[in-house]
Amino acid sequence: MQPIYPASTWRLIKTEPATGAWNMAVDEAILEAVAAGLAPATLRLYAWEPACLSLGRAQPFTDVDPARIATAGVHLVRRITGGRAILHADELTYSITAPSTEPRVAGDILASYLALSAGLLHALQLMGLNASKSKPASPPESSGAVCFEVPSHSEITFENRKLVGSAQVRRRNVVLQHGTLPLTGDIARICELLPFASAQLRATAAERVRSRACTLAAALGREVSWDSAATALAAGFSSALNLGLKLQPLSEPEAARAQVLMREKYAAVAWTKNLRTEK
């Protein structure tokens with residue numbers, strides 16, 4: 001049974017579509033502001049422009065093909081969170097940043113995933129989809145560099161295919177969880193940006209991804225706009241977690257800090273290639 005939380009108010013931020021480096025910098029800037037007591041717990045909803053491939057924090061850079069990425073006009077960034085590669089295109093991305101004392105993210109990673117997944121499930125129900133939480137399972141025989149090949153515990157699936165991918169980091173007594181809901185398009189497009197020894201291996205990998213993951217449009221049989229999905233996601237978290245959400249912009253200090261993080265970290269080759277120790 002889902003816990004009944006005491007009523008609380010979080011900040012809701014909706015940002016314009018932006019580059020991968022900026023989006024990741026903003027998430028970390030919010031984390032720092034929450035840690036310093038300068039910002040409340042925050043739900044942020046955003047999109048990516050242009051399309052961007054993100055690597056997990058410790059994922060090998062050799063998992064991607066930089067030449068193919070550049071030719072496709074896709075950006076490349078490394079996340080602060082773990083996991084595997086995601087191609088961010090035609091999607092709704094969320095981030096939740098809250099003090100570790102916040103009951104909705106209390107406990108270990110799995111406990112907080114489980115709590116927050118209730119908001120995701122309710123949002124999907126509002127859009128007409130009865131999804132479910134994944135359960136622990138043995139790893140598939142073939143799992144590669146792609147996040148959407150394999151659902152983690154308490155991630156959201158539809159008919160045993162991964163629908164929402166989420167990742168988390170804990171730092172300075174703050175929990176940051178962000179995740180992606182693919183809205184439309186070919187879920188296996190990411191395979192065009194990864195290194196394979198042959199076209200046949202690339203095609204096989206793409207079919208494997210399609211069999212294990214899906215977009216919201218594929219699950220529903222119709223497309224949902226970003227604005228409609230964002231409205232549903234905010235309402236889902238609000239209802240499932242007993243939250244009031246107050247729409248506010250990113251603060252000026254957070255925006256200024258994000259500029260620094262983007263320039264010095266997320267847009268830097270050393271960070272993207274994982275060539276330096278994180279500050």
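**Notebook: pockets and cavities**

I looked up the second largest pocket and found 14 lining residues, with Pro 17, Ala 47, Trp 48, Glu 91 and Trp 226 nearest its centre. A pocket here is an open set of points on a 1 Å grid over the protein atoms alone, with protein on both sides within 12 Å along at least five of seven lines, and lining residues have an atom within 4 Å of a point. The model is predicted, so to speak for local features I need pLDDT of at least 70, and side-chain atom pairs count only at pLDDT 80 or more, while totals for chains, interfaces and linings use all residues. Residues are numbered from 1 along each chain as its sequence is written, and side-chain values use heavy atoms, without hydrogens and water.

I noted a volume of about 220 Å³ for this pocket, a volume being the space filled by probe spheres set on the points, which are joined across faces, edges and corners. Its lining splits into 6 nonpolar, 3 polar and 5 charged residues (Ala, Val, Leu, Ile, Met, Phe, Trp, Tyr, Cys and Pro are nonpolar; Asp, Glu, Lys and Arg charged; the others, Gly among them, polar).

Next, I checked cavities (points where a 1.4 Å probe fits but cannot get out). The whole structure has 4 of 30 Å³ or more. The second largest cavity has about 70 Å³ and 13 lining residues, with Arg 79, Ile 86, His 88, His 178 and Gly 179 nearest its centre. That lining holds 5 nonpolar, 7 polar and 1 charged.

Last, I looked at pLDDT (the predictor's confidence in each residue, from 0 to 100). The protein averages 92, and 90% of the residues score at least 70.
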